[in-house]
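Subject: Handover of a structure

Dear colleague,

Please find the structure below, together with its sequence. The findings follow directly after it.

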Amino acid sequence: MPELGFRAVDADNHYYEAPDAFTRHLDPALHKRAMQWAEIGGRRRLLVAGKLNRYIPNPTWDPVARPGSLDAYFRGRNTDGTDVRTLFGALDRLADHPEYQDRDARLAVMDAQGLEAALFFPTLGVGMQESLRHDVPVLHAAFSAFNRWLEEDWGWAYRDRIEAAAVLTLADVDLAVAETERVLAAGARVVCMVPGPVPGAGGRRRSPALPEFDPVWARLDEAGVTVAIHAGDGGLHDELARWESTGARQAFRSTAFSQVVSHGRLVTDTISAMVCHGLFDRFRNLRVLSVENGGHWVPHLLHELSLAYGKAPQDFGRDPVEAVREHLWVSPFYEDDMERIAAELGLDRLVFGSDWPHAEGLADPTAFAADVPWLDDAGLRTVMRDTALGLVTPRPAGARV
């Protein structure tokens, strides 16, 4: 572990969900329409809406991949073309890692890692909106049940160190408002959505920044909490299927075409919608944090927004580039050109995230410092501590970002 001179704040940590994360607090009458476990071929498998769900190949997490085992792959160093599924290496028994599912065990590990605090996100949970998009009432019921489990097992701002993000979907505005109000009243200081258009009844999809969703955004704006847009299943798989046969959505399975065209696309579209559909003009206190989407897309987005503004300024409430710089924070990938992203967006808009304990993240979270050698001591502290701390401190209603 590098000597930083301070304890870091990690903007991208994960837990591995308990088997009953979606079902513990779900009406049993809804289990068949939502989540169930089944023995198939001698293995415990997850059914969602009565179908085998392949978003995570092994949702029991046992055995589980070691943190950082895919580091070289994600840095583009898989020069011999080895299939990613064979690169995980040795797997561990889940029982040997209580810190993956127990908050007190996790705090002890965080102490050893030199972390003061971290934002915590789902592993399985970010893949479930699409799986239930056809049954909006059950989608909301499942997410509400998940948040109750999350509050029970991890807590909101546990000891001011574990900042679990409540998971929201906007599919039904009234139900979204109710769940938003509930988690905010319970103490959630960060909420999580996946990028992409919002699914709705009858197969509809629409921008999350349209005025119809303002009742939800108004409550988040007033509370001054951070809205994390975390990578997940946001519906892009269906679009890719128009170009090539893709099969079921599954982590770590992709084609060359999907690798090229999907990288950063959903988050770019989502932030573009927030700007172009006026969300940041209507809600000036909103803070949006992009997590596990990388940051390579930021310069291109700012360039396109600048061009659009130059062509049709009347279509914007204000300079869209300045709107992005005011409302957006980004947790870049370690393989990104972070110096360029900082130059385009502002150093105080970058936050360090390790993705621990996932295979595609860093084995040692604070080893992130080695990927930003161009930062001086003050800049390193900004990116790896101070900015993230500010994002988990709610802003007063009516404040400007």
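I begin with a turn: in the hairpin of S3 and S4, two residues stand between the strands, and alanine 49 takes a positive phi near 55°. Helices (H or I, at least four residues) and strands (E, at least two) are DSSP runs, numbered from the N terminus. This is a predicted model, in which local features need pLDDT of at least 70 and side-chain atom pairs count only at pLDDT 80 or more, while totals for chains, interfaces and linings use all residues. Residues are numbered from 1 along each chain as its sequence is written, and side-chain values use heavy atoms, with hydrogens and water left out.

The antiparallel sheet

S3 (residues 43–48) and S4 (residues 51–52) pair in the antiparallel sense over two bridges; two strands count as paired if DSSP finds at least two bridges between them. Valine 48 has lysine 51 of S4 as its bridge partner. S3 is also joined to S2 by six bridges, and these two strands run antiparallel. Here tryptophan 37 has leucine 46 in S3 as its bridge partner. S2 and S3 likewise form a hairpin with two residues between them, and glycine 41 in the turn has a positive phi of about 60°. Together the three strands make an open sheet in the order S2-S3-S4. S2 and S4 stand at the edges with a single partner strand each, so one side of each is left without a neighbour in the sheet.

The parallel sheet

A further open sheet has five strands in the order S9-S10-S13-S14-S15, with parallel pairing. Its edge strands are S9 (166–167) and S15 (328–330), each of which pairs on one side only. Within this sheet, S10 (residues 190–193) and S13 (residues 226–230) pair in the parallel sense over four bridges, and valine 191 stands opposite valine 227 in S13. Helix H12 (residues 320–327) lies across S14 (287–291) and S15, running at about 60° to S15.

A pair of helices

The axes of H5 (residues 173–186) and H6 (residues 214–223) come within 8 Å and cross at roughly 15°. Axes are lines fitted to C-alpha atoms, for helices over the stretch in contact, and angles run from 0 to 180 degrees between N-to-C directions. The crossing angle makes H5 roughly parallel to H6 (under 35 degrees counts as roughly parallel, over 145 as roughly antiparallel, 65 to 115 as roughly perpendicular and the rest as oblique). The contact (heavy atoms within 4.5 Å) is made by Val173, Ala176, Val177, Thr180, Glu181 and Leu184 of H5 and by Pro215, Val216, Arg219, Leu220 and Ala223 of H6.

Aromatic pairs

The structure holds eleven aromatic pairs. Rings of Phe, Tyr and Trp (its six-membered ring) pair if their centres lie within 6.5 Å; planes under 30 degrees apart count as stacked, over 60 as edge-to-face and the rest as tilted. Phenylalanine 22 and phenylalanine 143 form a tilted pair, 6.5 Å centre to centre with 45° between the planes. Phenylalanine 22 lies in the loop between S1 (8–14) and S2 (35–40) and phenylalanine 143 in H4 (residues 136–153), so the pair ties together parts that are 121 residues apart in sequence.

Backbone details

The peptide bond from aspartate 62 to proline 63 is cis, with omega near 5°, and proline 63 lies in the loop between S4 and S5 (64–65). Tryptophan 61 has a positive phi of about 65° although it is not a glycine.

Yours sincerely
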